[in-house]
Protein chains: 2
Amino acid sequence: MRDVSIIGIGQTPVAEHWEKSLKELAGERVDALYVVNMLSGALNGQEHLGALISDWVGLRGVEAVKIEAACGSGAAALRLGYVAVAGELADFVVVAGVEKMTDNPGDQVTAALAMASDADFEAQNGLSFVALNALLMRRYMHEFGVRHRDFAPFSVNAHKNAVGNPHALFPHAVTADDFCAAKMIADPVNLLDSSPVCDGAAAVVLCPTELARSFATRPVRIRASAAATDTIALHDRRDPLTLEAAALSAGKAYSQARVTPRDIDVFELHDAFTIMSVLSLEACGFAERGRGVHLGSQGDIAIGGRIPITTMGGLKARGHPVGATGIYQVIEVALQLRDQAGANQVRDARLGMAQNIGGSGATVVTTILEVAQ
Amino acid sequence: MRDVSIIGIGQTPVAEHWEKSLKELAGERVDALYVVNMLSGALNGQEHLGALISDWVGLRGVEAVKIEAACGSGAAALRLGYVAVAGELADFVVVAGVEKMTDNPGDQVTAALAMASDADFEAQNGLSFVALNALLMRRYMHEFGVRHRDFAPFSVNAHKNAVGNPHALFPHAVTADDFCAAKMIADPVNLLDSSPVCDGAAAVVLCPTELARSFATRPVRIRASAAATDTIALHDRRDPLTLEAAALSAGKAYSQARVTPRDIDVFELHDAFTIMSVLSLEACGFAERGRGVHLGSQGDIAIGGRIPITTMGGLKARGHPVGATGIYQVIEVALQLRDQAGANQVRDARLGMAQNIGGSGATVVTTILEVAQ
């Protein structure tokens, strides 16, 4: 098994390139293209994205597939790219996430997103993802004596950090008062608890670290990559407030990287809803069960805090184009580690983590990154 | 890179188990589950099949994703399982294909299948997959002076071989006269040129060959696995009658296995339509361009012939549950190599090949198998 690094990144609306562009590289060297997407069948009338995109970007002939694991698709595909390169079955793999949600009526998008839940038991009974998160949030508030406003710092922090990000959908600040006054969607989840429906695309290029220096001055090494699953239905969990797959996946990643949560300098977590941020922080060992929400009010999650999260706006304010999100997260960690995060730079960020979650916690993929030495 | 073998198979309606069942094995050892499916989003209102199936079959916690490459999904996912095991990133991988098409009205299924074509240019203009294959067949007939009835042996052979297969959807024989008289669907493609809409599921368990003997007396080794793509749209091909991705994928597989077409004893090809069988045989080097159709009338494709195809009924008569098809094909080759094909046994079958095709030839995955020595 060999070391794997990211040597190129690109994200919409503005492409970013390191020393070589994806297309330059693509023409000669790419062995495989893994396209990441959740909803093209339901919303765009198009499957077979592997062949579609490989032809479109000038990679005709290359091995190509689509990989789907709901909102956790991005990191799941990144992990398969990592597996191919680490195992020496491929040298150059492009992992490209894309989601186009906004051409459809809102209720159709909500129904399509509900396909990430258990269709027969959850979606069938009208439980949308907002509703599932509302159940989680209400239970958390009840069990730990927490008020809705205690979640405000997660939304405020995400929006503040989006201001400096040219790729963010909502690059504007909000206050705790804005949060408390926001329109209710599914009590207690309101508009500012929730990530938006949107479009986006982002891609990374992977290759063996030993070759990476020919293509990038500061390749970003994948130090750990681990995936785990839990029951797809919330009602089947042993404890709905414990994201077991997040704990399992993070635990495996810590173990692969031989680090602890204390070693993580920046953490791009899956803040599809504020409650998800809290549960993810707890599952990954940054807070005890029932205490994660207080990392917000204590300032721990801010840039400069103990464990900075959503440093470029997160799913909440950068946006959540579901299949592509996991790739955006990894790119943002890479920018932090390469000292390219501009006004949002976390000082001395050496070790970064991204956690991508599918469904209400059924698929979780954790990636730990550092600049290749 | 290490050697990889299949140590367990199962297919609906009747499960088959070698020395250990999938579930027995699953309980302790499985590292990853790759679920293969094309249409669950469009037809079943369910995505996130990795988490869904892993929980359902008792694999909660395990890494799981869905892999899609239209009708080529099965072998594409098998290949990713092979990559993970060969590269030593996993020891035991289950690759499970499933497709449930029949709960939906026929026109909805036809529209869903068209998502494997270029939605913007082909599906948008009303080109279904039958229509795309009709264009190919008509062009072939025109270019090489071939009559429709010359394709009859492919359908007759598939149906004849299905008679001995307890898993086949149409286990009954048809004659060349039946073929010529069959109902027209999209001229010149008629009902007996075409594989049916249906449901099915099939799974294989992969592990390193060095461990395989603990689980199976005759593990089947994956001697080669290669994938390639072509343009998704038929009108973008250099020559519509040359399946370039099939040639590329087979060429890579021959090269990996260090064999030639002459060494292949049994070939499970992708006979979604009779014309596809012909083009696949030509692309894989069993006949010159424009001559593949004559392998039918010469008896070459029959059990006992030079290159037996669709030995258990193929897509035409065993059935074509699209996402699962590639797994059925590999299982049928495995049965041949293990001398377990009953009345359909190809004598002295040592080297078997399966070719799984997505779209009108945009994704092609070729697998070469043999009993592990």
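This passage walks through the predicted model of a complex, from confidence to the contact between its chains and on to selected residues.

The model is predicted, so local features need pLDDT of at least 70, side-chain atom pairs count only at pLDDT 80 or more, and totals for chains, interfaces and linings use all residues. Residues are numbered from 1 along each chain as its sequence is written, chains are lettered from A and ligands numbered from 1 in the order in which they are written, and side-chain values use heavy atoms, with hydrogens and water left out.

Confidence comes first. For the complex, the predictor gives an ipTM of 0.92 and a pTM of 0.94.

The size of an interface is often given as the accessible area lost when the parts come together. Between chain B and chain A, the buried area (the accessible area, with a 1.4 Å probe, that two parts lose on being put together, summed over both) is about 4300 Å². Carbon and sulfur atoms give 57% of that area. In terms of residues, 54 of chain B are in contact with 54 of chain A. There are 22 residue pairs in polar contact between the chains, both residues being at pLDDT 80 or more; a polar contact is a pair of N or O atoms within 3.5 Å, where within protein one must be able to donate a hydrogen and the other to accept it, and residues adjacent in sequence count only if both atoms are side-chain atoms. On the side of chain B that touches chain A, at least two residues each come from α3 (49-56), β3 (63-68), α4 (73-86) and β8 (220-229). These labels follow DSSP runs numbered from the N terminus, with helices (H or I) of at least four residues and strands (E) of at least two. The largest share, seven residues, belongs to α4(B). By type, this side of chain B has 28 nonpolar, 14 polar and 12 charged residues; Ala, Val, Leu, Ile, Met, Phe, Trp, Tyr, Cys and Pro count as nonpolar, Asp, Glu, Lys and Arg as charged, and the others, Gly among them, as polar.

The buried residues are B:Leu49, B:Gly50, B:Ala51, B:Ile53, B:Ser54 and B:Asp55. Their partners in chain A are β3 (63-68), β8 (220-229) and β11 (363-371), while in chain B they pack against β2 (32-36), α2 (40-43) and β3. Just after this helix, B:Gly58 takes a positive phi of about 90°.

A:Glu63 is buried at a relative accessible area of 8%, and B:Arg79 is buried with a value of 8%. The count between chain B and chain A is two salt bridges.

Within chain B, B:Arg221 forms a salt bridge with B:Asp3, with the closest N and O atoms 2.6 Å apart. B:Arg221 sits in strand β8 and B:Asp3 in the segment before β1 (4-11), so the pair ties together parts that are 218 residues apart in sequence. B:Arg221 is partly exposed at 23%, and B:Asp3 is partly exposed at 29%. In chain A, a network of salt bridges links A:Asp3, A:Arg221, A:Arg223 and A:Glu370.

Back in chain B, B:Thr209 is found in helix α9 (residues 209-212) and is buried at 15% relative accessibility. Leaving aside neighbours within four places in sequence, B:Thr209 is in contact with B:Asp3, B:Val4, B:Ser5, B:Arg221 and B:Ala372.

How values were computed:
Buried means under 20% relative accessible area, exposed over 50%, partly exposed in between (1.4 Å probe, protein chains only). Contact means heavy atoms within 4.5 Å. A salt bridge is a side-chain nitrogen of Lys or Arg within 4 Å of a carboxyl oxygen of Asp or Glu.
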